[in-house]
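I opened this notebook to record what I looked up in one structure.

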Amino acid sequence: MKLIKYIAAAALALASTSCMDLEPKAEMGDNMVWDSAENFQLFANQFYGWTADLGRFANDNPHSEYRSDLLCSRTVNPYSQGTNVAPASDKDNYNAFYKRIYYTNLLLKNAAAFGNQEAIKVPVAEAKFFRAYCHFELVQRYGDVILLTEPLDIDSEKLYGPRDDRGTVIDQCIKDLREAAGGLPPTATKEGLLCADAAWAMLSRIALYEGTWQKFHNGGPTSVSTDQRAAKLLTEARDAAKKVIDNNNFELFYSPVLGNQSYRYMFILEDVQCNPAGLTKKDNKEYILSHRRRLGDKFAQNITHALLTSGDVIMGTAKLADMFLCDDGLPIDKSARFQGYSQPTSEYMNRDARMCNILLKHGTKYWDNDSRWRTAWNETDEEGEKAFTANAVGGSGYHLYKWASEREVEDYFESYDFPVIRYAEVLLNYAEAAFELDNQISDQDLNISLNLVRNRINPNMPKLSNTFANTHGLSMREEIRRERTIELFLEGFRIDDLKRWATASEEMSQDQLGVKVRGTWFESNWAAANGKLNADGRLVMYNDRGAWKTGKKLYLYPLPSDQRQLNPQLGQNPEW
């Protein structure tokens, strides 16, 4: 069994990590790993290399927006299209996470026999955090999975047995994270390390995911009052998020100098001059846990090029653009402030400021790491710079701006951190869990959570309240989901959210569209916009996405064939 082979190999050689100088020594064996608290910590340091990195959005993977409804690329993604097939093997997902779980269990087994428990409480807590992290990754992909809480011998019956129910696995994740929170320091002792709030934040993520999965897959929007399992999990999610809020160790990133561009600059903070305010990573109090990158680290993809210079490699969709509220707090179909699509800048006017932080508007002066970059970090940088033109390259016409560097940097060497967990997500977890518990939320709860996120760079936008929603005929659930989608775009949440909400069948089956061409500026100014148009005159990027309408097949990934052959009791997910 390949999984078993990976687990056996794990006892002999430790995986290398990057970016933190926390790598354990490859030659460490049992006789020297477990004889001191220092070696327990050295062993645990490898776990940090497993966290989500920039590839969560920049590469094609189970969480990437490449596989969602809001992002398209030069070629059709088979997962987004619903045409993927069961893989012969899946070492990067199935095998890799079980290999990592083996490492965490190996540390925990040896920790039980160590004399000074106080001296190793942090690495023990780290092991429990990452055991939960890895099991959750498997549940998101496959649903029911084998739960492992000890480093099993390769002939163990458990490794050849049936999968455990997803609920059993999630309960263990929650237990692990509660215990991890008790062993971790209240604040991180070193940049990039875990603190107690990280455990509570991850608990809120996992419990919200599973609580809404149970609510919407096993019942419906109003079922929570009778679904005790969903209610229990949503309570866990709400309360864990509230602990992070009440601990007051983190805050939303904002700079008066950066103003309504604070959101965008947060994602490109580095340890050198990278914004007009001179802020660096140390000024960011929003990232609860990040995958750290340092100057000189090389990433597999040139992020800025992919987003800006080659604007048809990764593109936004019309659906994304239409989701941004107008500055009166109303959706475009309800707001008199919406200016339509006639000019390339029309739809960007009077909108949520995050729209121009995430998408590059026609006429915007911008910098990149190719032919133009900032040097003075003031208005003199703008002299002689060309403004972006929406018809510069092919694609959907919606060009991405988030994650694009402004400083001069060699290709592939952008060194910003990736937020594994940030405070904005915790606030949105709280709002959603509070609402889904009883299908209602108080204005007070909105004001300590969602409205802080919304008004970070939209101080004059009306707050979301029950009165505002009722007056304008808004769905509170839809507005909470809209806020989450906009705020966390390009951070690897969208496709998982659609699956847990049980809305993927509807949302993913829709055509992916680009800008409106017929009757607009684009019709006479963009030669590339001569592709297929729909009845509304919009570019059609992908169509024929009806596979998502068929049953629930695509809500879970198929188990790899090699694992099923080696362990027939694993079975296969429905309809695969």
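I looked up Phe47 and found it buried, with a relative accessible area of 0%. I note here that the model is a predicted one. I recorded both Trp34 and Phe43 as buried. For the rings of Phe43 and Phe47 I noted a centre distance of 6.2 Å and planes at 85°; the pair is therefore edge-to-face, since an angle over 60 degrees is required for that label. Phe43 has 2% relative accessibility and so counts as buried, the limit being under 20%.

I next asked which residues make up the aromatic cluster that includes Trp34, Phe43 and Phe47. The cluster also takes in Phe40, Tyr48, Trp50, Tyr102, Tyr103, Phe114, Phe129, Phe130 and Tyr133.

I found Arg264 over the face of Tyr401, at 4.0 Å from the ring centre. I also found Lys553 over the face of Trp576, where the distance to the ring centre is 4.3 Å.

How many disulfides does the structure hold? I found zero. For Cys72, which is in no disulfide, I looked up the nearest cysteine sulfur; it belongs to Cys356 and is 19 Å away. Cys72 has a relative accessible area of 1% and is therefore buried. For Cys134 the closest cysteine sulfur is in Cys173, at 9.5 Å, which is too far for a bond, because a disulfide requires the sulfur atoms to be within 2.5 Å. Cys134 counts as buried as well, at 0% relative accessibility.

At least two lining residues come from each of helix H13 (318–323), helix H19 (476–487), helix H20 (494–500) and helix H21 (504–507). By class, I recorded twelve charged, seven nonpolar and five polar residues in the lining of this pocket.

I counted seven cavities of 30 Å³ or more. The largest cavity has a volume of about 150 Å³. I listed 17 residues in its lining, with Phe136, Gln140, Arg205, Tyr209 and Phe493 nearest its centre. Helix H7 (121–142), helix H9 (196–217), helix H15 (423–438) and H20 each contribute at least two residues to the lining of the largest cavity. That lining divides into eight charged, six nonpolar and three polar residues.

For the second largest cavity I recorded about 80 Å³ of space. Its lining includes Arg67, Tyr79, Gly82 and Asn84, together with Ile495, Lys499, Trp548, Leu554, Leu556, Tyr557 and Trp576. I classed the lining of the second largest cavity as seven nonpolar, two polar and two charged residues. Trp576, listed in this lining, is also the residue whose ring face lies under Lys553.

Technical notes:
Residues are numbered from 1 along each chain as its sequence is written. This is a predicted model: local features need pLDDT of at least 70, side-chain atom pairs count only at pLDDT 80 or more; totals for chains, interfaces and linings use all residues. Side-chain values use heavy atoms; hydrogens and water are left out. Buried means under 20% relative accessible area, exposed over 50%, partly exposed in between (1.4 Å probe, protein chains only). Rings of Phe, Tyr and Trp (its six-membered ring) pair if their centres lie within 6.5 Å; planes under 30 degrees apart count as stacked, over 60 as edge-to-face and the rest as tilted. A charge sits over a ring if NZ of Lys or CZ of Arg is within 6 Å of the ring centre and within 35 degrees of the ring normal. Helices (H or I, at least four residues) and strands (E, at least two) are DSSP runs, numbered from the N terminus. Ala, Val, Leu, Ile, Met, Phe, Trp, Tyr, Cys and Pro count as nonpolar, Asp, Glu, Lys and Arg as charged, and the others, Gly among them, as polar. On a 1 Å grid over the protein atoms alone, a cavity is a set of points where a 1.4 Å probe fits but cannot get out, and a pocket is an open set with protein on both sides within 12 Å along at least five of seven lines; lining residues have an atom within 4 Å of a point. Grid points are joined across faces, edges and corners, and a volume is the space filled by probe spheres set on the points.
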